[in-house]
Amino acid sequence: MLGLDIGGTKFAAGVVSADGEVSGFVVAPAHAQRGPKDGLARLFELGRNALGDAGLPADELAGIGIGCGGPLDWERGVLIAPLHLPGWENVPVVALAGDAFGRPAVVDNDATAAAAAEHRFGAGRGTRNIVYLTVSTGVGGGVILEGRLYRGSTGNGGELGHVTVDWHGRECRGCGRRGCLEAYASGTSIAERAREAGMDAGAATDVAAAARAGDPIAVQVWQETCEALACGITSLANLFEPELVVIGGGVSRVGEQLLAPVRELVRAQVIAPAGRELGIVQAALGDSVGVVGAAAVAFERLAPGVTVGHS
Ligand SMILES: [Zn+2]
């Protein structure tokens, strides 16, 4: 499969095998403000470069998976008005990709696609029920139930960043309500709360580093972050009783500084007995997760008989 990832700042493409191996991985600046016509022409060119680098002739390509932020209509294959792509409205991206490559294409929400990727190829391999959270500029995620992506009635379910952890809490820029998980655990909020408390923090990684060094403000902000994340995950664990919670995204790269306190808090809070041993682990796929995710949903939807280990 060819995976195409439409980010707000970067486009990425790569060829992904049935075992999740990526070849011909290429990245280019998005220049999304130039609009969808120009943007998709460059994205598809990037896809052709990936096929060339991977040595895969276009007529041997099984299909194309496209990952993009929402809102989008995965069934009709249309980008409705992605929040990170101003001016990209009602773009029939699946039809356009189908015309460009002469192969079937699918589109899906990028966080949903990342969940599919971690389930099929990454940290959640071999499990039936997982919750995937990406903790990055915002907080997103996806849920796999009984081995399949859960999408909701119109495909826009799984907005895990907007689980409420404090209904009188901070305003959520993503949805306008108060006290969403995203309003506390996102990288943006971590840095913002540190600045409000008087720290000179540019990014969440600065706060994490200062907390490791023992800065009392940073320690406090980090602890609040872990508590908020644990609160959200506890609700999700009580809802879905997953075997595993996988955490990806830029903020998760600090590893156990985030995961260990969250794991301990969730296990202490979750309704027994299901979550007492709940695994909360770091995502296994790195920078290529967008491309692998796009391909993972393409495998699920275009080649449902193909499973990992069978090519
Ligand atoms: Zn929200």
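The largest nonpolar core has 37 residues, and those touching the most other members are Val207, Trp222, Leu229, Ile233, Ile247, Val262 and Ile280. A nonpolar core here is a set of buried Ala, Val, Leu, Ile, Met, Phe, Trp, Tyr and Cys residues joined through side-chain atoms within 4.5 Å; buried means under 20% relative accessible area, exposed over 50%, and partly exposed in between (1.4 Å probe, protein chains only). All of this comes from a predicted model, where local features need pLDDT of at least 70 and side-chain atom pairs count only at pLDDT 80 or more, while totals for chains, interfaces and linings use all residues. Residues are numbered from 1 along each chain as its sequence is written, and side-chain values use heavy atoms, with hydrogens and water left out.

Back to the core: H7 gives the most to it, with nine residues. Helices (H or I, at least four residues) and strands (E, at least two) are DSSP runs, numbered from the N terminus. A second, separate core holds 31 residues, among them Ala50, Cys68, Val91 and Val94.

Next comes the sheet. Five strands form an open sheet in the order E10-E9-E8-E11-E12, with mixed pairing; two strands pair if DSSP finds at least two bridges between them. E10 (148–150) and E12 (279–282) sit at the edges, each pairing on one side only. From one strand to the next, the twist averages 25 degrees; axes are lines fitted to C-alpha atoms, for helices over the stretch in contact, and angles run from 0 to 180 degrees between N-to-C directions. E8 (residues 130–135) and E11 (residues 244–248) run parallel and are joined by five bridges, with leucine 133 partnered by isoleucine 247 in E11. Helix H7 (residues 216–240) lies across E8, E9, E11 and E12, at about 155 degrees to E8.

Finally, there's a zinc ion, coordinated by His162 (ND1), Cys172 (SG), Cys175 (SG) and Cys180 (SG) at 2.0 to 2.3 Å. Donors are N, O and S atoms within 2.8 Å of the metal (3.2 Å for Na, K and Ca); water is not among the atoms, so sites may look incomplete. Along the chain, the donors follow the spacing H-x9-C-x2-C-x4-C. The arrangement is tetrahedral because the four donor atoms subtend angles of 103 to 117 degrees, and four donors count as tetrahedral if all angles lie between 85 and 135 degrees. Cysteine 172 is buried, at 1% relative accessible area, whereas cysteine 175 is partly exposed, at 37%.

Definitions and conventions. Tetrahedral: all angles 85-135°; square planar, octahedral: opposite > 155°, others 65-115°. Contact = heavy atoms within 4.5 Å.
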